[in-house]
Structure formats: structure tokens, C-alpha cells
Amino acid sequence: MSTWLGLDIGSRTVKVVLIDGAGSIIARALAPAGYDGPSVAGELIAGACAEAGVERRLVRASVVTGYGRVRFAQADSEASEITCHARGARHLVPAARTVIDIGGQDSKVIALDEAGRVSDFAMNDRCAAGTGRFLEVMAQALGLAVDQLAALHALAEQPVPISSTCTVFAETEVISHLARGVPRAGIVAGLHAAIASRVLGLAGRVGLRPVVVCTGGVARNAGFVAALGSAAQVQINVAADAQFVGALGAALLALARRHEGR
Amino acid sequence: MARNYPRLESGGELTRLMIEHYGQALGRQGGLPVAWVTSGAPVELLRAMDVLPVYPENYAAVCASQGAVPLCEAAERLGYSRDLCAYARISIGAAAIGDDAPFAGLGRPDLLVACNNICGTVVKWFQALAQRFAVPLFILDTPFLPDDTINEHALAYVAGQLEDLVRWLERRAARRLDRARLADVLALSNETVALWRDIRGLCRAHPSPLSVPDLFVTMAPIVSLRGTPEAVAFYRMLHSEAEQRVRQGVSAVAGERFRLLWDNIAIWPRIYHFFSQFPRRGACFVADTYTGAWDTEVEAGEPLEALARTYLGIFLNHSLAHRAERMAQLIGEYACDGFVMHANRSCKPFSLGQPVARRLVTDATGVPGLLFEADMADPRAYAEEAIAARVQAFLEALDGRAS
């Protein structure tokens, strides 16, 4: 079987996807990026190939994206995350016109034209507020795992307003709420609302045309998605395998580049 | 990194010219009084009175291209905020550390002339310099043009101040304004401005003979030496070099595929590094909103009124709508495929409203625009990875539109 490989070496995690000629995922793998994303990527490729029963050297082509893309020598070519997320999301949700990706250290809103080409995009500027890392820091301050945030959000009666957009100051704010005995559920809902409002600020620059698809690790947090949907007054679709959308897009690009003879 | 654009032959002459200019300013050749001025000051009056104008903004840009963090920090130690314009911080920081500043500093001014047509920061910045050096300061106040027209009140107000400026200079510099000399300087200034406009206009050619980074590098004389025979001679040389490139089909960027418009001041600390991302993908900046700030000749007629009109009418003293229209016009004239806006932390008047302007320009032209944050002079505001990701995504999207 012919296979194509996509890698997303992000700031927090590394994702690897193998697809077949129809664009279906046949293997995938994910691990924390640690301090050496490219070597983690190498291990994940070996694992994914073993899972799919494919020899690495027989993979037809590969594309790498994410912050580690420039330093990763084992891929045939590289592409920006914007291009890859757009392609991956459009493949999963063919009617998608807006992609909201919230990764470890950046959040982005991508507008697609009818043909699925990137027509505009906006990214957070030099600040981690409104990213996955922001939630990790807050979860730690609350004594929670990131995976527990959604369940707690569901218990909140009223979100507690979080006014700081800076990760460090927001953490201080969380701690002071805790010190005053504010229940954690309300704080969690407040944090989700703060990220949602930050993301909507970005969306305001490029528009929020339905169908809206949310990708990236934070899309797996149902509490955040609910906060975003209610703030935006629009239905938010969560991509299947949300964390793998960038890597899937990269694999699809590898497949397409072959077709274009590049 | 290999250069993928041809070097300008005029570059050597430019270096010689600017070294001579700063040598004059620092060495006080001929004993001329030195006035530190803002980039939008009516320098023709000073030149006509043999007052040597020196530009802290230009000095700051030169320092920035060599790394000006220590100068910024020197100003910050004095209590100036990091949010203050980096040119102001570099200038104040350089004054504070004296001989340790690049080129042993900018020396001392005898006079200061600030015109607020470019921003409000210059007023406080030059007041700080006036205090430090204990020298007199003249502030020329040019009202903002919210409806983009120069009304009679504004004109009379500024022309009146120019009369005051002449008297002030006559007293401080112990010189009389010679009207015939002023006419000569204005003629030289106009010739420089016309040449510069024509040079920029040559970039309408396909492929473009020059790119905006070339203009950034060669703009120093239009700012600092406007109204001198040396500036005219230099721009004649650059004009003929660019014209020759057009005739021979020499391009600034090999394999020009995309033509772009640049908005805002350059990123001096990373100018080559930043702009090298574009030629690699066949993208050439063919026009910009910054180097065109010096493209209005002083009209014939009563010279002070004509100067008032010119210095009131500069780009940054206009409304956002006007600036967006101008960008759309440039995109049409230069056949641009997209535009890139530098949200410059330092320069608030240039950067405020850019998200709105971006939308207006795209609505008017149909071409996409990239907006990203950096700074003209403070490298600490430059986020390497984040900027590279945006630029790459933008160029990939242009590629996608083209295919």
C-alpha cells in the first residue's frame, strides 16, 4: 500500500499521521515534544510505520509543519501550520469556511474561500494568553489535570470573570480567587470564557463565517468549546482527532505535491 | 545567507555621503550652528540660513541596524517606558551615555526644531533633549487633517509659526534669511524630491528594478540632505542605475512572481534577515507607504505658505481613510498581488488603525494583506518564529491563489 506521512512538530506536542492514497488515516502517534521535538518525531514515525506495517523507506512522500519544521531534516518538504490546518480541516469537514486552531503556544483563525484556499488568517501576537499552554498553567494552579477542566466547567453555576490576559497575571488572579474560597468550577468556566473572548478578538479580524471548525489540543476541551460557541453565537464543530489536524494536513499536502509532480 | 538580489552600485557613494554628513555634524565644519530636527521639519529654512540640520531619527535608525538594545536600556534606566518610541529611547539613551554611544554619539545640538506632523512623541522627546543639553527648542505645531483638506486657518496658523521660526533662527543663529538663497534651496529640495519620486516610480516596471529594502537603504539623503546639491547628485546616480536596470530587464528579486506593497517603517535591526524571507519565494516589495513620505514638492509662490502646505500635507498627518485609499492606489499603480503591514510598536500614528486599514484596502483591491507585530528599532519586540510562521503562511496563501 502507498502511504504518505505528515508531521506536526509543535511547541508542546509532536503529532505524526500516515495516510493512504485516499487520504484516510492509517496510523497516528502523539507524544510531548520535550526539549527535542525532532528526535521525538523520529521515534513517532518509527512507531506509526510499525503500527501500519509499512517500511519507512517505502513512504512515498512527507511534509513537516509546526515550529520544529525548519530543523527537521527527515521530511521531503515543509509547510506552514496555517496551510496544513486549513487543508486538514477542510478534508475532515468539506464545508468548512473558518478554522480555529488552538495549539500549545499559539491560536489562529483561518478564513477559507469556497474552494478551500486560505483567504485570510490571524494569529495571536507574542503572548501565550488564549493558548493551550495558558490552560496548562491554570490547571496546575487549580491542582487539576488539563483533562479534568471540561468536567469541572460543566459544574459551574456562574463563570468567575478573569480580567488578566497575561498568563502570569491570570495565574495570580486564579490563586487569589482560590484564596478567597471561590469554587474551582466557576474559575475554570471564567478561564474558558477569557480564552474564548481572546479568540473572538482574532476572529474579528478575519470574520467567523460558518461552517466553523475547531482544531488543536484545546478543541478537545468541551468546556472551552461551549464557552466559545456561546460567546460567538455560532455553532462550533470540533474536528475528529482535533490534535492531529495539522499533521493530517501535512500528509495531505505530501499526497497533493506528488500529484502536482513536485 | 546568500544574497539573491543584486547589489546597488550607488551604495558606495551613499556611504561616503552619509559619513561626510555626520562628520560635518560632529566636527562642526565651517563652524555652522547645528540644529537637531525631526524628519518632518521644514529643513529648507534651516539650510537657507546655513544652519546644519541633523536627524536624531536617522541616527537612531543607523544605531538600530547595529543593535541598539544598550541605548534603549540606558533610556529605560532613566525611567522612560519600554512602550515609548524606540527612536526616542535610542536618542535619549545615546545622549545619556555620551561617548560610549555608536560613533561616539551624535554630538551636541545648538538648537532643536521639532514638528509634530509625524507624531506627538517628538514634542516631549525634544523637550527632554532641550533639558539635557540646555539648548533652545522650537516646536512647530501642524494641526492634524481629519478631513484631509488644508483649510485657511491651518495654513495661516502654520505659516505664521514659520515666520516665528525664521525670526527665532535669525536671533539664535545670528544670521539673516536671504530670500534668494531660500529660493535656491527650495529648487534643490524640489529637484531631490522629484528624482526620488521618479526612482520609486521606476518600480512600476515588470520586473521591478529595485525593491523596498533598496529604498530603505537609499532614503537617508532624502531625509537628511534634502535641499543640497549632494543629494541631487546622488539621486541622479541612483536614478540612472535604476533606469539602466529597467532597460536591461534586471530585477531586484530573481524570478519575480509576486509584487507586494509594504506599510510602515522598516525593521532596521533585522532588515536583511526579515526581507530575505520574500525573495526566496519570488516575492518583491515594489512600493511602500514610508519612503514616499518625502514626495511632495514645495509649491511656487510665497515660500512660507508653500512650506506650510507641504509640511501640513504629509502622509501621517492625514486620516486613516486617506491612507487606506493611498495604499489601494499604490496597489493598483504598481500591480501588487498583496500587501504587508508592519504593526510597529514604536510608531503609534503609523500603526494605530492598521487592522481597519487592512480591511479597507482588501475590500478596495481584492488583494490579501498580512499584519504582523514588530518594531522599527527595538529588537526585543521581534518574535523570530512567530513572524516567520506568518510570512510563510502568507506567501503560501498567495501561491494558492495563483495556482
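Guide: Of the 403 residues in chain B, 50% count as buried, and keep in mind as we go that this is a predicted model. The C-alpha trace of chain B spans about 65 × 50 × 40 Å along its principal axes. Its radius of gyration is 21 Å, which agrees with the value near 22 Å that a compact globule of 403 residues would have. Among contacts in chain B with a separation of 6 or more, 77% link residues 24 or more positions apart. As for secondary structure, you'll find 17 helices and eight strands in chain B.

Now to the domains. Chain B splits into domain 1, residues 11-154, and domain 2, residues 181-402. Taken over C-alpha atoms, the centres of domain 1 and domain 2 of chain B are 22 Å apart. Where they touch, domain 1 of chain B puts in 38 residues and domain 2 of chain B puts in 42. On the domain 1 side, at least two residues each come from helices H1 (11-27), H2 (43-48), H3 (56-66), H4 (69-77) and H5 (86-97) of chain B. Sort that side of domain 1 of chain B by class and you get 26 nonpolar, eight polar and four charged residues.

Let's stop at one of those helices. H3 of chain B is mostly covered, with eight of its 11 residues buried. The buried ones are B:Pro56, B:Glu57, B:Asn58, B:Tyr59, B:Ala60, B:Ala61, B:Cys63 and B:Ala64. And what covers them? The cover includes strand E1 (34-37), H4, H5 and helix H10 (220-224) of chain B. After H3 of chain B comes B:Gly67, with a positive phi near 100°.

For the strands, hop over to chain A. Strand E4 of chain A, residues 61-65, is mostly covered too: five of its five residues are buried. In a regular strand, side chains alternate between the two faces of the sheet. In E4 of chain A, A:Ala61, A:Val63 and A:Thr65 sit on one side, with A:Ser62 and A:Val64 on the other, and all are buried. E4 of chain A runs parallel to strand E1 (residues 4-9) of chain A, and five bridges join them; here A:Leu5 stands opposite A:Ser62. Two bridges also join E4 of chain A to strand E5 (residues 77-78) of chain A, again in parallel, and A:Val64 has A:Glu78 as its bridge partner in E5 of chain A.

Chain A also has an open sheet of five strands, ordered E8-E7-E6-E9-E10, with mixed pairing. Strand E8 (118-123) and strand E10 (236-238) of chain A are at the edges with a single partner strand each, so one side of each has no neighbour in the sheet. On average, neighbouring strands of this sheet are turned by 25° against each other, direction ignored. Within the sheet, strand E6 (residues 98-102) and strand E7 (residues 107-112) of chain A run antiparallel and are joined by five bridges. One such pairing puts A:Ile100 with A:Val109 in E7 of chain A. Packed on the sheet is helix H6 (residues 184-206) of chain A, which touches E6, E7 and E8 of chain A. The direction of H6 makes about 30° with that of E7 of chain A.

Definitions and conventions:
Residues are numbered from 1 along each chain as its sequence is written. Chains are lettered from A and ligands numbered from 1 in the order in which they are written. This is a predicted model: local features need pLDDT of at least 70, side-chain atom pairs count only at pLDDT 80 or more; totals for chains, interfaces and linings use all residues. Domain bounds come from an automatic or database domain assignment. Two residues are in contact if their C-beta atoms, placed from the backbone, lie within 7 Å. Helices (H or I, at least four residues) and strands (E, at least two) are DSSP runs, numbered from the N terminus. Ala, Val, Leu, Ile, Met, Phe, Trp, Tyr, Cys and Pro count as nonpolar, Asp, Glu, Lys and Arg as charged, and the others, Gly among them, as polar. The radius of gyration is taken over C-alpha atoms; the globule rule is 2.2 Å times the number of residues to the power 0.38. A residue is buried if 20 or more other C-beta atoms lie within 10 Å of its own, exposed if 12 or fewer, and partly exposed in between; C-beta atoms are placed from the backbone. Two strands pair if DSSP finds at least two bridges between them. Axes are lines fitted to C-alpha atoms, for helices over the stretch in contact, and angles run from 0 to 180 degrees between N-to-C directions.
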